[in-house]
Amino acid sequence: MVMTVLEEMRIRSLGVIDDAVVELSPGFTAVTGETGAGKTMVVTSLGLLLGGRADAALVRIGAKAAVVEGRITLSPGDPAAVRAEEAGAELDDGALLISRTVSAEGRSRAHIGGRSVPVGVLAELADDLVAVHGQTDQQGLLRPARQRQALDRYAGATVTDPHATYAAAYRRLRAVATEVDELTTRARERAQEADLLRFGLAEIAGVEPLPGEDVELAAEAERLGHAEALASAASVAHAALAGNPEDPEAVDATTLVGGAGRALDAVRAHDPALAGLAERMGEISILLADVAGELAGYADNLDADPLRLAAVEERRASLTSLTRKYGVYGKDIDGVLVWAEESTARLAELEGDDERIGELTAERDALRAELSGLAQALTDARSAAAALFAEAVTAELASLAMPHARVSFDIRQTEAADETSGIEVGGRSVVYGPHGVDEIELLLAPHPGAQPRPIAKGASGGELSRVMLAVEVVFAGSDPVPTYLFDEVDAGVGGKAAVEVGRRLAKLAQSAQVVVVTHLPQVAAFADRQLLVEKTNDGSVTRSGVTVLEGEDRVRELSRMLAGQEDSETARAHAEELLATARADGPRGG
């Protein structure tokens with residue numbers, strides 16, 4: 001079966017690097033060289049491939065851009081392969097090609113499998129491909145929050161499942177508690193709002209406006225205000241059309257049109273065109289008669305009552321007052337009615353606050369009781385996992401020249417200041433948060449009789465390095481990733497302890513790819529492949545290159561790391577002894 005392996009990286013114009021290829025072993029690769037050179041090359045380059053932050057300062061002076069390319073062989077069905085294919089990438093004979101370009105202006109581009117992708121996709125792939133550990137990770141391990149995360153990660157589903165259930169209940173409790181607080185703290189404001197709504201609705205109800213009423217009353221007021229003029233105009237028009245009974249000699253339009261029609265009717269049979277005009281004249285005569293009749297009725301029905309006009313104006317004034325106060329949805333009475341409808345609904349909501357507060361308070365209390373049980377279950381699960389985790393890490397420390405060291409976890413809770421700020425667990429009111437009620441701290445007793453102390457206080461630099469390595473080895477058995485990069489994880493370690501660190505890394509490399517940036521020959525000797533990063537300077541430009549060390553070259557480099565002298569016979573003998581010890585532990589390169 002094909003293993004997931006980071007095969008090589010090619011680095012161009014990165015810092016002092018002109019063009020270098022870093023060939024990595026499927027097993028254990030050690031990167032050595034001058035102080036800082038290997039770290040800069042391997043760690044920074046791999047960080048870029050894994051979606052790390054780009055910085056224009058990384059681009060070599062005089063170059064337009066820095067480029068890092070990587071080739072990763074993926075196992076069939078590997079989550080990283082699936083995610084890459086989802087992003088549109090294509091595999092090259094089972095290998096995924098990744099590249100990252102950083103321009104001198106600071107712009108960054110990422111490609112996987114020939115497809116341009118957001119840099120965030122590289123970070124997603126990194127979660128399934130590589131675990132990077134360095135000095136900053138050691139410092140992170142000193143924080144209780146990181147120690148809790150490490151324990152939860154080791155426990156797996158036995159903790160993550162109850163933690164997910166607890167977290168969901170916690171989020172709901174916070175939402176309910178926030179709403180209760182908002183309703184109670186804003187009670188005065190909401191009461192004032194309700195009073196204003198009641199006043200407005202009462203004022204509108206007192207007027208009882210009807211839809212479109214203001215428009216109809218405006219038309220009526222206009223008619224009543226000009227009743228005399230309208231009646232006079234209608235009378236004059238009626239007399240002009242139908243005649244004035246008091247003046248028989250007057251000529252009216254109806255009489256004239258009737259005479260014209262009769263004249264045409266007398267001769268219409270002699271010319272079809274004239275017959276047509278006669279027809280139209282007849283229609284005009286009928287229309288005049290209809291209009292004259294309606295004018296007579298209009299004048300008779302016109303109401304010129306000043307009392308009615310006064311009543312209409314008073315009603316209009318009441319409607320105008322409502323529109324001015326409540327017509328926020330329009331400048332007519334219909335806008336007032338819309339406001340009244342929405343305000344009625346809002347008032348019902350406000351008046352239901354007391355009932356809502358009661359319901360939410362009951363739900364909050366029920367959630368607090370539920371959360372107490374879930375927190376206890378989460379604590380129990382963590383306690384069981386902590387015992388197994390501590391036992392496994394302690395066993396690993398025995399393989400790292402710390403045979404008498406003991407690791408344990410302190411899982412405790414903090415008493416709440418009052419009942420409202422905590423939940424009851426084990427008969428006590430304790431502080432709680434999104435991750436439960438537990439405060440978790442990793443303790444170390446480095447030798448028999450020593451009191452277990454937090455690793456931040458009780459571990460030296462070398463001990464902390466070995467504790468972190470032991471933790472990662474334990475993780476490799478429970479939550480493995482294909483590749484581990486250790487950046488000087490052996491800092492502060494020397495002598496026999498360094499040999500044991502190298503031996504343990506070699507053992508880890510039997511199930512995963514391990515890349516170690518190291519300054520210790522005891523560690524480098526156990527590697528399947530050793531890479532030398534060295535700087536050259538021609539007087540004007542400093543460059544770095546990478547060389548695969550084999551045979552005599554590897555002995556010389558180990559001698560330099562041991563004594564600072566490549567040709568020292570004593571150092572060479574010691575280097576050969578280290579290599580022999582490493583070979584005796586299993587099949588190693590070199």
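The protein chain has a radius of gyration of 47 Å, whereas a compact globule of 590 residues would have one near 25 Å; the radius is taken over C-alpha atoms, and the globule rule is 2.2 Å times the number of residues to the power 0.38. This is a predicted model, in which local features need pLDDT of at least 70, side-chain atom pairs count only at pLDDT 80 or more, and totals for chains, interfaces and linings use all residues. Residues are numbered from 1 along each chain as its sequence is written, and side-chain values use heavy atoms, with hydrogens and water left out.

Along its principal axes, the C-alpha trace of the protein chain spans about 155 × 75 × 45 Å. Its secondary structure comprises 20 helices and 17 strands, these being DSSP runs numbered from the N terminus (helices: H or I, at least four residues; strands: E, at least two). Of the contacts with a separation of 6 or more, 71% join residues 24 or more positions apart, where contact means heavy atoms within 4.5 Å.

Buried residues make up 43% of the 590 residues; buried means under 20% relative accessible area, exposed over 50%, and partly exposed in between (1.4 Å probe, protein chains only). The chain exposes about 29,900 Å², of which carbon and sulfur atoms supply 53%. These areas come from the Shrake-Rupley method with a 1.4 Å probe, and for residues only the protein chains shown count as cover. As for charge, the mean positions of the 57 positive and 94 negative charges lie 11 Å apart. Lys and Arg count as positive and Asp and Glu as negative, without His and the chain ends, and each charge is placed at NZ of Lys, CZ of Arg, CG of Asp or CD of Glu.

An α-helix has 3.6 residues a turn, so residues three or four places apart point the same way.

Two loop residues may be considered next. Arginine 60 lies in the loop between helix H1 (37-49) and strand S4 (65-73), and is buried, because its relative accessible area is 18%. Leaving aside neighbours within four places in sequence, arginine 60 contacts Ser13, Leu14, Gly15, Val16, Ile17 and Asp18. Glycine 212 occupies the loop between helix H7 (187-207) and helix H8 (213-225). Not counting residues up to four places away in sequence, glycine 212 touches Ile333 and Asp334. The C-alpha atoms of glycine 212 and leucine 579, 367 residues apart along the chain, are separated by 101 Å.

Glutamate 396, in helix H14 (residues 353-398), is buried, with a relative accessible area of 14%. Beyond residues up to four places away in sequence, glutamate 396 touches Ala470, Val473, Val474 and Arg504. Glutamate 182, in helix H6 (residues 157-185), is partly exposed, since its relative accessible area is 37%. Isoleucine 284, in helix H11 (residues 272-301), is likewise partly exposed, at 42%. From C-alpha to C-alpha, isoleucine 284 and valine 257 are 7.6 Å apart in space and 27 residues apart in sequence.
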